[in-house]
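Trainee: Could you walk me through this model, starting with its open spaces?
Mentor: Gladly, let us look at it together.

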Amino acid sequence: MIATGVLITPVLLSPLPVFRAPLSTVVEASDGSLLGARIADDGQWRFPATEKVPAKFEKALLTFEDNWFYYHPGINPVSIFKAFVRNIKAGEIVSGGSTITMQVARISRGNRQRSYTEKIIEMFSALKLELFRSKKRILQLYASNAPFGGNTVGLEAASWRYTGKSAADITWAEAAALAILPNSPALVFPGRNQEILRIRRDELLRRLYRKNYIDSVTMVLALDEPLPGEPKVLPSRAPHLTDHFYTERRGEMIRTTIDPALQDRAAGIINVHQKDLEANFIYNSACLIVEVETGNVLVYVGNSTLEDALSHGGNVNIIHSSRSTGSILKPILYAGMQQSGDILPNTLIADIPTRFPGFSPKNFDQSFSGAVSASAALSQSLNIPAVKMLQKYNPEKFLDLLHKTGFTTFNKPADYYGLSLILGGGETTLWDLTGVYASLSRVLSRYNHEKKYLKEDYHPLLLESNQNTAYEKRAETDPPLSASAIWLTYEALQRVNRPESESGWQYFSSSPDLAWKTGTSFGFRDGWAVGTTPRYVIGVWVGNASGEGRPGLTGITAAAPIMFDLVALMGSGTWFKTPLEDLTTIKVCSKSGFRAGPDCPETIDAEACVNGLRSEACPWHQVVHLNKERTLQVTSQCVTPDNIVNESWFVLPPAMEYFYKKKHADYATLPPMAKGCTGGKSIPVMEFIYPTAGVKIFIPRDQTGELTKIITEIAHRNPGKKVFWHLDETYLGTTRFIHQTEMFAKRGNHILTVVDEDGNTIRCGFTVI
Ligand SMILES: [Zn+2]
């Protein structure tokens with residue numbers, strides 16, 4: 001009893017070996033291969049512990065160091081006695097007689113000078129370790145913490161540095177060499193040491209053969225293998241991803257969702273394009289490829305890795321950098337407006353000169369089409385119709401939709417962005433953008449499959465394997481956009497076309513089924529491209545991390561070519577099925593695209609979201625009274641009823657008409673009113689472009705401190721008519737053809753009056769603040 005206590009007490013009092021040294025950050029691909037690693041904070045390559053010790057290494061190690069490991073209680077009295085005898089003979093400590101367990105204890109104590117006291121502490125610590133930890137765990141502690149020469153600690157780091165592969169994949173010869181190193185780490189260095197290492201390794205291989213762990217052929221081949229030499233450079237297949245985890249999860253080993261083969265090829269594609277882009281002083285680009293079904297990130301290229309990029313922001317991880325969106329949010333607005341029933345797919349939207357206080361959107365090609373269908377406006381990425389649409393939808397509601405779809409960077413109130421939000425007034429990240437598209441595509445695919453929405457379908461991207469349950473499940477609501485709204489949007493995005501004047505048009509004609517959109521920020525600073533198929537989403541950004549804009553840096557010319565190469569890499573597939581259960585058929589005016597009204601002469605059936613049934617009826621077909629020749633409008637006051645023809649006429653507002661009829665030869669202007677006829681329908685011949693009724697105008701001062709002028713503009717159905725301008729009671733001037741003028745206005749309320757030579761009059765009240 002006393003004897004037991006005498007033995008147990010020092011065991012329990014002795015320190016239990018613990019390892020608190022900082023660890024390297026290790027990032028693995030989905031198959032366990034190494035994407036990259038960052039050195040531990042103490043300058044050591046010390047990888048986090050792996051699940052189990054590879055069998056080859058274990059057999060080699062135990063054969064070399066500790067044959068009785070699985071049978072002794074932490075100390076091996078026989079080998080201690082042998083070592084004691086040897087040390088007495090030598091007159092100094094030359095042999096430890098240490099078990100693996102005792103070595104774990106020694107390593108945990110920082111490999112102190114060998115002394116009898118140290119040895120005794122190690123022995124008690126080893127006994128305690130055996131008491132509290134399994135054999136398997138003790139081996140794991142050894143493999144993770146043993147020194148392997150230089151600043152390499154632990155088997156996994158050693159294996160990567162000396163053999164260029166994971167310890168799970170090493171050969172018998174490599175296992176034997178690595179089993180020897182912890183006892184004499186200096187042997188790994190070239191020169192005479194290498195000869196000693198070879199002798200010991202070959203001897204160990206022969207012992208492994210004698211113990212029947214390997215056959216003779218394996219031994220002969222193993223003896224022929226070269227020895228590990230100078231440490232190899234660790235792989236760097238996703239440096240920005242490795243940096244990302246170095247910041248977020250330092251000292252951990254992370255198994256990601258990255259597909260290593262795709263990652264390498266995508267990084268290659270980025271660098272090939274970067275070579276060309278650098279000729280135009282564009283140094284940075286990034287791409288993400290995401291699997292739709294899971295949301296797993298398959299490819300994560302955070303930036304160019306070309307040499308020139310290094311001195312030009314190449315270390316910046318673009319994937320998480322906030323950059324101006326350009327036009328890249330337009331599809332979200334289109335989808336939101338389909339869902340709410342604000343528009344139908346082919347509703348005509350005004351595309352005319354447009355001014356807002358301090359903000360005057362322009363189309364990319366500076367032209368106006370008068371009116372254009374919403375889907376064409378989206379696929380051609382027209383700016384003015386997009387602003388008109390946002391104005392109708394409401395910026396606040398749109399901002400809310402952006403938040404709900406998963407964009408995290410729009411943190412300012414709606415007033416801050418105003419209508420420019422749809423043209424790049426806000427910033428997003430490639431991460432958010434690609435994630436939103438992946439969720440939308442997943443919702444559409446799954447709806448087609450399940451005929452209902454599943455709450456877990458809408459979630460952020462996943463970057464770590466086995467993370468599927470880690471993300472927060474969304475609230476008990478349906479997805480922010482319905483399957484029909486997404487499908488209608490993707491249908492329009494399938495027709496995304498590049499202007500014929502631009503080079504590289506062949507990308508469009510050769511592309512497989514793909515919904516895609518580009519974006520270019522103000523000042524040519526950011527080029528975006530995002531595309532989706534039912535299987536994957538590809539997001540690309542091109543620009544300069546410094547924010548410097550470059551002529552020709554557009555989504556279409558710089559980012560889309562990279563995206564299409566990545567599309568080719570991923571391969572095409574079948575297109576999304578039509579979500580018939582979520583769509584409804586609506587009678588639509590074939591001229592205006594609006595829901596057909598009673599006066600629309602021709603209608604077609606169109607698929608739309610259910611709320612489209614409540615959308616505005618066609619406002620532009622109206623029944624007019626004409627003479628029999630259809631050359632003049634008449635009324636019953638001047639013509640007898642049997643001489644009046646009633647006809648439904650397509651009449652656009654004056655400004656839309658002016659531009660629309662230039663591009664549509666079949667557009668017939670409404671005939672003028674017959675002389676002497678009154679009391680007919682009043683169809684305006686003029687319309688204000690700026691100011692608009694009720695607008696509040698802030699007038700800035702110029703450099704000399706003077707208030708600047710307001711530029712006013714109207715449209716007239718017949719621009720050749722003379723037009724007379726009055727501000728309040730003051731005559732301003734006359735215009736013809738181009739109905740634009742300038743004026744000063746003091747603070748307060750004003751009325752602008754415009755009269756044409758026929759006496760037609762329009763008025764507009766506005767306020768200067
Ligand atoms: Zn109509």
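Mentor: One definition before your questions: on a 1 Å grid over the protein atoms alone, a pocket is an open set of points with protein on both sides within 12 Å along at least five of seven lines, a cavity is a set of points where a 1.4 Å probe fits but cannot get out, and lining residues have an atom within 4 Å of a point. This is a predicted model, where local features need pLDDT of at least 70, side-chain atom pairs count only at pLDDT 80 or more, and totals for chains, interfaces and linings use all residues. Residues are numbered from 1 along each chain as its sequence is written, and side-chain values use heavy atoms, with hydrogens and water left out.

Trainee: Which residues lie nearest the centre of the largest pocket?
Mentor: This pocket holds about 1300 Å³ of space, a volume being the space filled by probe spheres set on grid points joined across faces, edges and corners. Its lining counts 50 residues. Nearest the centre are S327, K362, F364, S381 and N383.

Trainee: Which element gives the largest share of the lining of the largest pocket?
Mentor: Helices (H or I, at least four residues) and strands (E, at least two) are DSSP runs, numbered from the N terminus. Two or more lining residues come from each of α15 (374-379), α18 (414-417) and β12 (515-520). The largest share, four residues, belongs to β12.

Trainee: In what order do the three strands of the open sheet lie?
Mentor: Two strands pair if DSSP finds at least two bridges between them. The edge strands, each pairing on one side only, are β19 (686-690) and β24 (740-743). Pairing is antiparallel, and the order is β19-β21-β24.

Trainee: Which residue of β21 is the bridge partner of Y690?
Mentor: Strand β21 covers residues 710-716 and pairs with β19 in the antiparallel sense over four bridges. The partner of Y690 in β21 is E713.

Trainee: Which residue of β26 stands opposite L752?
Mentor: Strand β25 (residues 748-756) is joined to β22 (residues 723-727) by five bridges, and L727 stands opposite L752 there. β25 also pairs antiparallel with β26 (residues 761-768) over eight bridges. In β26, the residue opposite L752 is C764.

Trainee: Why is the protein described as more spread out than a compact globule?
Mentor: The protein has 23 helices and 26 strands. The globule rule is 2.2 Å times the number of residues to the power 0.38, and the radius of gyration is taken over C-alpha atoms. For 769 residues the rule gives 27 Å, so the protein is more spread out than a compact globule, with a radius of gyration of 38 Å.
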